[in-house]
Each structure stands twice: as structure tokens, then as C-alpha cells.
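Reader: I have a model open and some questions about how it packs. Can we go through it?
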Amino acid sequence: MLSLHPLKHLARHNPKALRQQFRNLTLLEHHSHKLLQQYDIPVPDGYVVDNPLDAKAVVTKIGKPSMLKSQILAGGRGKGKFDTDGKGGVRMVSTPHEAFTNATNMLGHYLKTKQTPPAGLLVKKLYIYKAVDVVHEYYFSITFDRQKSSPVILISDEGGVNVEANSDKLHRFWFSLSEGIMPKIIADIRSRLLFSRTEMPVIEHIIRQMVELFNAKDAILLELNPLALTSEGKFICLDAKFDFDNSAQFKQEDLWELEEQTPDSENEHDASKNGLVYIRQGGNIGNIVNGAGLAMATSDLINIHGGKSANFLDIGGKATTSTLLKAFEILARDSRVQGIWINIFGGIVRCDMIAKSILQAASSMGGFRIPVVVRLQGTNSESALKMLETSGLNLHTETDFELAATSIIKLASGGH
């Protein structure tokens, strides 16, 4: 399905950017555990803290040993490293004093994993619960198989931190949301995973509740890893990752109130609220364009001539003073941006109206502090470019696509 999207070209150059474009709601672990509790799926009794003294108090209350888990929107926390003591983001402590010491090195500090930005993510909260004596770890998830146009249950008896290394152990069970989980699927799961007679009723309950949650909350991924079997013979979910369909925000407002903003997603979220599309990239040239196709061509041309885009910022058909102001505001927050290329095709919106909006936005900002190249094509483009050329602002106009690209690359690198 994604291959038909106009952003497919971006996937070849920047797969991470494409994933960001299709941003869906992801919950922090402690929010996911609360949701599981609502659907009668077993989880530990956990507590969320934001300071070391509270961490000490919680461990004093629940007893030892206890788990301290960093709450960030990234996987691989256990194998990650903090910028303080080099230890991971999931720790077991044996005393309240250990809880205080470890929380001091975790809260307010950056945790780096394989899934975080290079500098890591700031840890503001810890999730604490009493440690569980685990005898076996399973992996369980529900997601969509787009090739088969069907939801699918994935289960592995090799769960935990090494589940990716054991992907060949994943068992897949396709089902219909309209029919639900049929007896044949339950029988198939039991025969392939070898659950005992006493274990299978619990597993069946978890499966049916997870399917109900998946359907009711418009989820695209529900992942329990690990789903642990304890020494007491009980199943309990020790970690969870949930993603929800962004298009369902209008009917899942209670979930979206839980959304956690990260530094990397702040601009994207701000743009989205204002009807813009923003994707961060790795260069120093900020692009303001209208239309995904033009955005791809702009980014490609910059790359061809040796430059690098700092972003993809599509204002669509909303090239007004307010949207351009917001676009400039977003780019101004990015210290990497050393030049801006405004590349607009004036079809429905006339180029002279776009030029007036650029001038009004510049006036509101007190002028441009970095070089700006403007390329306008379409209705009334000649009069629009003349308006900009005689404005006295620090901007450069160009009609030729390639010349505009080479111009902004040179200006952004300090050339004249």
C-alpha cells in the first residue's frame, strides 16, 4: 500500500523519514500497562516516579527486588547506555538505597539505544514494579499483514531481548476481525506452541482480550514482550509496545491525550497541528515547498548537486502568511539550517499572493537572518518575482530549478 504513496521515492533515500511521515501514536510502557489492566490482561502493579526520593519510597513500599524501567519511546532500553554511568535503562535493585542511587543516574539524563537519536533520549520518568521470578519468556503480538490484507497473531516461545535474533521461531496465525478467534485457531496455537492444559485457558483469555483491544482502540500493533511465565505458573506481561492508527485520532481522543512528545517529533507535531507536513533530515538546507512530488524533486536535486536537505516541509495548498510564518518559525528552531529554499508552484494559489505572504511573514520576523532563495513558477510568477526582487530583503530569486538548487547550496555553505 505504501508503494502507491507519492512519498515512495523518499523511502529509497531516507527510510526513517518515511516512517516519520506515517507517524502513529505510540504509548509509553506504563500507559500500555494501564490499558492492559482495563482489558483484564495480567500486568505487574507498577508505579511511575519522576524523582529519586519517590523511587526510594516506592521500593520501600513494594519490597525487593524491584525493577526500574526508563520511560522513553524507543526499544532496546535494557541494552542501552546512560550518559552518566554507562549502564542500561532497565535495572533490578535490591534495596531502597540502590533505587535512589540508580534513579539519580537515570532521571534527567540521556539514554542511548539502537533506536534513539545519536545523543539518546532524555528520561523524565521511571516505571517501578516488584521483580518477577521468570521461568520462560514468550513473545506475543497482533498486527496487520498487508500482503494478505488480514490481521495476524505472532507468537514465539523465544521472547525477551533476543526475539529479533530468533525471528525464525515466530508462529503466525491469521484471523478475521469480523469472525474473531475461531476454535481452530486456538487449537492450532496450542499444538504449535505446546501449551499445557492448565496454561491454554489463560493464553486463550489473553488472546481474545488482546483482539478486543486491537479492534476497539484502532491499533496497528499490540506487542507483549516478554509475556512471562512465572515460577508460580502464572502468565504476566512485563513489557508492552502499542501503536495506534493516526487516522483514528478523532474517535480515540482519550488515547491521544497520553501522547508523549520527544524533541525529534516536536517540529513534526507542531507542523501537523497547523496542517503542514514536516520531516527532519540530516542536512543544512531548509525546504519550504507545496506538494509531495515537488518536495521529492527538490530534495533529490539538492543531493545531486552535493547539498543536503535539513527537512521536508510541505505547506500544501495553504501558502498563506500564517502558514509561511509557522514554516519559518519551525525552521528557525533548527540551528542546523543555514539557508532556506522556498520552492512553490502557483496553481490554485497565485504566485503574487504567495510573494505577498512571504513579504508579510518576513516583516513579522524582522527580516531573514539567513540566506533565502525563492523559486516561483505558475500564475503571475513574473510579477511575484519582481515584487520580491525589489523588496530589499536578504533573499534571492530564481526561475530555473537547477540554478535555484545550486544557488541555495552555495549560499548555505557561506558562499556569495
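Reader: Is the crossing of α11 and α12 left-handed or right-handed?
Author: The crossing of α11 and α12 is right-handed, meaning that the near helix is turned clockwise from the far one by less than a right angle. Before going on: this is a predicted model, where local features need pLDDT of at least 70, side-chain atom pairs count only at pLDDT 80 or more, and totals for chains, interfaces and linings use all residues. Residues are numbered from 1 along each chain as its sequence is written, and side-chain values use heavy atoms, with hydrogens and water left out.

Reader: What angle do α11 and α12 cross at?
Author: Roughly 50 degrees, with the axes of α11 (residues 321-332) and α12 (residues 351-365) coming within 8 Å. Axes are lines fitted to C-alpha atoms, for helices over the stretch in contact, and angles run from 0 to 180 degrees between N-to-C directions. The two helices are therefore oblique to each other; angles under 35 degrees count as roughly parallel, over 145 as roughly antiparallel, 65 to 115 as roughly perpendicular and the rest as oblique.

Reader: Which residues meet there?
Author: T321, L324, L325 and F328 of α11 meet I354, S357, I358, Q360, A361, S364 and M365 of α12, where contact means heavy atoms within 4.5 Å.

Reader: Now α4 and α5. How do they pack?
Author: Helix α4 (residues 52-62) packs on helix α5 (residues 96-106) at about 150 degrees, and their axes are 8 Å apart. That makes α4 roughly antiparallel to α5. The contact involves P52, L53, A55, K56, V59 and T60 from α4, and P96, A99, F100, A103 and T104 from α5.

Reader: Different topic. Which residues have the most contacts inside the largest nonpolar core?
Author: L36 and L224, in a core of 40 residues. Such a core is a set of buried Ala, Val, Leu, Ile, Met, Phe, Trp, Tyr and Cys residues joined through side-chain atoms within 4.5 Å; buried means under 20% relative accessible area, exposed over 50%, partly exposed in between (1.4 Å probe, protein chains only). Helix α7 (residues 200-216) gives the largest share of this core, eight residues.

Reader: What does L224 touch?
Author: Leaving out residues up to four places away in sequence, L224 touches L36, Y138, Y139, F140, I206, M210, C237, D239, A240 and F242.

Reader: And overall, how many helices and strands?
Author: The protein has 14 helices and 20 strands, taken as DSSP runs numbered from the N terminus (helices H or I, at least four residues; strands E, at least two). Of its 416 residues, 48% count as buried.
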